[in-house]
Amino acid sequence: MEGGRYRWPKPDSIPEKASGMRARVSILVSMSLDFAECDRARLARDPVYDGRFYTGVHTTGIYCRPICPVHPARSANVSFFPSAAAAEAAGFRPCLRCRPETAPFCSAWIGSRATVERALRLIVEDGALDVEGSTVEHLAARLGVGARQLARLFARYLQASPSKVARTARVQRAKRLIDETSLPMTEIAMQAGFGSLRRFNAVFAEVYGRPPTEIRRTRRSTGKEVKAVDNAGNQKSLTLSR
Ligand SMILES: [Zn+2]
């Protein structure tokens, strides 16, 4: 990735700063304010922002919700992303403490971009891209837009393609099932929308950097609160002995 700080159009539901005039440079100004605004939100662990952006921490390679209980990283070491899929595409792994897969579904900030919101709901809630033979073209047609236009909207508002968003949604469903049920992994793979256990194992390991069985073991050995696990998923005793 281009080592940069990711910025995206200002969320509609974040109140504009009180200012009567819109200067010509307002786009530049508000874009740079976005970083500051996100940074303030994460340092304050402001729950209002939960689900609206994710923080990638360059020193750990982990991405978090704004409300993460782990001691916040220095501002110089973070980037912000408008979706979990974008954070993953940039190489960050989900935090095991704040559990991005449990963030509230939040697309209100997309505002007038009803197409993006409808597409997101179809992908995340209905698994519209999980069914055998489903395509982005077909999804776009359901929404009355072209596949290219849908891809452009996703790139602009979520910084991730529809298929990347669908992949993240599948992994998140699986992670919740791992944490909240005792279902066998094959069943989890199917319920989460992966066509096969092999595919599930491969994608999960890619996203979390460890197999799903290890996540379940860690959770079981430390109890539901996972107090002894830091946000990279290392048990503290292991971290200390290194
Ligand atoms: Zn976290």
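Here's a quick tour of a few helices in this structure. Keep in mind that the model is predicted. We'll look at helix H8 (residues 197–208), then at how helix H3 (residues 114–124) and H5 cross, and finally at Arg152, which sits in H5.

**Helix H8**
- H8 has 12 residues and runs 16 Å from its first C-alpha to its last, close to the 16 Å expected at 1.5 Å a residue.
- Its buried residues are Phe200, Phe204 and Val207.
- Looking down the axis of H8, you'd find those buried residues within an arc of 65°, so they line one face of the helix.

**Where H3 meets H5**
- The axes of H3 and H5 come within 10 Å and cross at roughly 95°.
- Angles from 65 to 115 degrees count as roughly perpendicular, so that's the label for H3 and H5.
- On the H3 side, the residues in contact are Thr115, Val116 and Ala119, and they meet Leu150, Leu153, Phe154 and Tyr157 in H5.
- Sorted by class, this contact of H3 with H5 has six nonpolar residues, one polar residue and no charged ones.

**Arg152 in H5**
- Arg152 belongs to H5, which covers residues 147–158.
- Is Arg152 buried or exposed? Arg152 counts as exposed, because it has 12 C-beta neighbours inside 10 Å, and the cut-off for exposed is 12 or fewer.
- Pro162 is 10 residues from Arg152 along the chain, and their C-alpha atoms are separated by 9.8 Å.

Methods:
Residues are numbered from 1 along each chain as its sequence is written. This is a predicted model: local features need pLDDT of at least 70, side-chain atom pairs count only at pLDDT 80 or more; totals for chains, interfaces and linings use all residues. Helices (H or I, at least four residues) and strands (E, at least two) are DSSP runs, numbered from the N terminus. The expected span of a helix is 1.5 Å times one less than its number of residues. A residue is buried if 20 or more other C-beta atoms lie within 10 Å of its own, exposed if 12 or fewer, and partly exposed in between; C-beta atoms are placed from the backbone. The arc is that of the directions from the helix axis to the C-beta atoms. Axes are lines fitted to C-alpha atoms, for helices over the stretch in contact, and angles run from 0 to 180 degrees between N-to-C directions. Angles under 35 degrees count as roughly parallel, over 145 as roughly antiparallel, 65 to 115 as roughly perpendicular and the rest as oblique. Two residues are in contact if their C-beta atoms, placed from the backbone, lie within 7 Å. Ala, Val, Leu, Ile, Met, Phe, Trp, Tyr, Cys and Pro count as nonpolar, Asp, Glu, Lys and Arg as charged, and the others, Gly among them, as polar.
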